[in-house]
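Let's take a walk through this structure together.

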Amino acid sequence: EVEKIRIKITSLGLTESRITSDETIQQLFVECRLNNFLAEETPLSLPKPTGGQRIHYNYSTVINVDKENNHAEREYLKSILLKPDLPANSLKFTVVSDPPEDEQDLECEDIGFAYVSLKEIFQKQRDIIEQDIAVFDSQDASAVIGKLTVTVEALHALRSVHEECK
């Protein structure tokens, strides 16, 4: 059985902020990154949700962390478990503004970040299932601009990596 981390990006809701009032921000997609290895993004960018609504991506991806083929990822997981001082935010979700078709001179812009700690999943011995995580403003890390609903199933893989560390 190939060990893997399963990630699902279910939906996104925004709170009132500079993002909701910014007319140039219309379409949003979400990128998920494991350290520097791997970046996956939702294939669709969806219209920015308004007043209390959510947009639904229902996007799932899998990161394989088996010894044979994914050595670097596995070593990274080991370092998460073994090094207490490593930053805990090992999975980073970025909410990105996708410029409208007719405004192709505009760049994609990172508008918010959300984080999941794999170390915490291991410490609590509990996967994250359909949980709301805070999305922080890319221009002001103390401001929450919304909630991203995600699933991160990593416990099985982390246990296996931990066994190997012993």
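**Salt bridges and other stops**

Let's begin with E130, which is partly exposed at 36% relative accessibility (buried means under 20% relative accessible area, exposed over 50%, and partly exposed in between, with a 1.4 Å probe and protein chains only). Before going further, keep in mind that this is a predicted model, where local features need pLDDT of at least 70 and side-chain atom pairs count only at pLDDT 80 or more, while totals for chains, interfaces and linings use all residues. Residues are numbered from 1 along each chain as its sequence is written, and side-chain values use heavy atoms, with hydrogens and water left out.

So what does E130 do with its side chain? The side chain of E130 meets that of K8 in a salt bridge, at 3.8 Å from N to O (a salt bridge is a side-chain nitrogen of Lys or Arg within 4 Å of a carboxyl oxygen of Asp or Glu). This pair links distant parts of the chain: K8 sits in strand β1 (residues 4-14) and E130 in strand β8, 122 residues apart. Helices (H or I, at least four residues) and strands (E, at least two) are DSSP runs, numbered from the N terminus. K8 is partly exposed too, at 26% relative accessibility.

Strand β8 has another partner to show us. R54 forms a salt bridge with D132, and their closest N and O atoms are 3.4 Å apart. R54 belongs to strand β5 (residues 54-64) and D132 to strand β8, so this bridge ties together parts that are 78 residues apart in sequence. Both ends are partly exposed: R54 has 32% relative accessibility, and D132 has 41%.

Now for a pair that stays local. E75 and K78 meet through their side chains in a salt bridge of 3.3 Å, N to O. They are three residues apart in helix α2 (residues 71-82), which puts about one helical turn between them. How many salt bridges does the structure hold? There are ten. As a general point, side chains of opposite charge can pair when their charged atoms come close.

What about the rings? The count of aromatic pairs comes to zero, where rings of Phe, Tyr and Trp (its six-membered ring) pair if their centres lie within 6.5 Å, with planes under 30 degrees apart counted as stacked, over 60 as edge-to-face and the rest as tilted. F113 does have a charge over its face, though: K92 lies there, at 4.4 Å from the ring centre. A charge sits over a ring if NZ of Lys or CZ of Arg is within 6 Å of the ring centre and within 35 degrees of the ring normal.

Next, a few places where the chain comes back towards itself. V135 is found in strand β8 and is buried, at 0% relative accessibility. V135 and G13 are 122 residues apart in sequence, yet their C-alpha atoms are 9.3 Å apart in space. Over in strand β5 lies N64, which is partly exposed at 30% relative accessibility. N64 and V2 are 62 residues apart in sequence and 6.9 Å apart in space, C-alpha to C-alpha.

Most residues other than glycine have a negative phi. N58 has a positive phi near 45°; this residue is found in strand β5 and is partly exposed at 47% relative accessibility. Q125 also has a positive phi, near 55°, and lies in the loop between α3 and β8.

Let's finish at the largest pocket, which holds about 200 Å³ of space. Twelve residues line this pocket, and S117, E120, K124, I128 and Q131 lie nearest its centre. By type, the lining divides into five nonpolar, three polar and four charged residues (Ala, Val, Leu, Ile, Met, Phe, Trp, Tyr, Cys and Pro count as nonpolar, Asp, Glu, Lys and Arg as charged, and the others, Gly among them, as polar). On a 1 Å grid over the protein atoms alone, a pocket is an open set of points where a 1.4 Å probe fits, with protein on both sides within 12 Å along at least five of seven lines, and lining residues have an atom within 4 Å of a point. Grid points are joined across faces, edges and corners, and a volume is the space filled by probe spheres set on the points.
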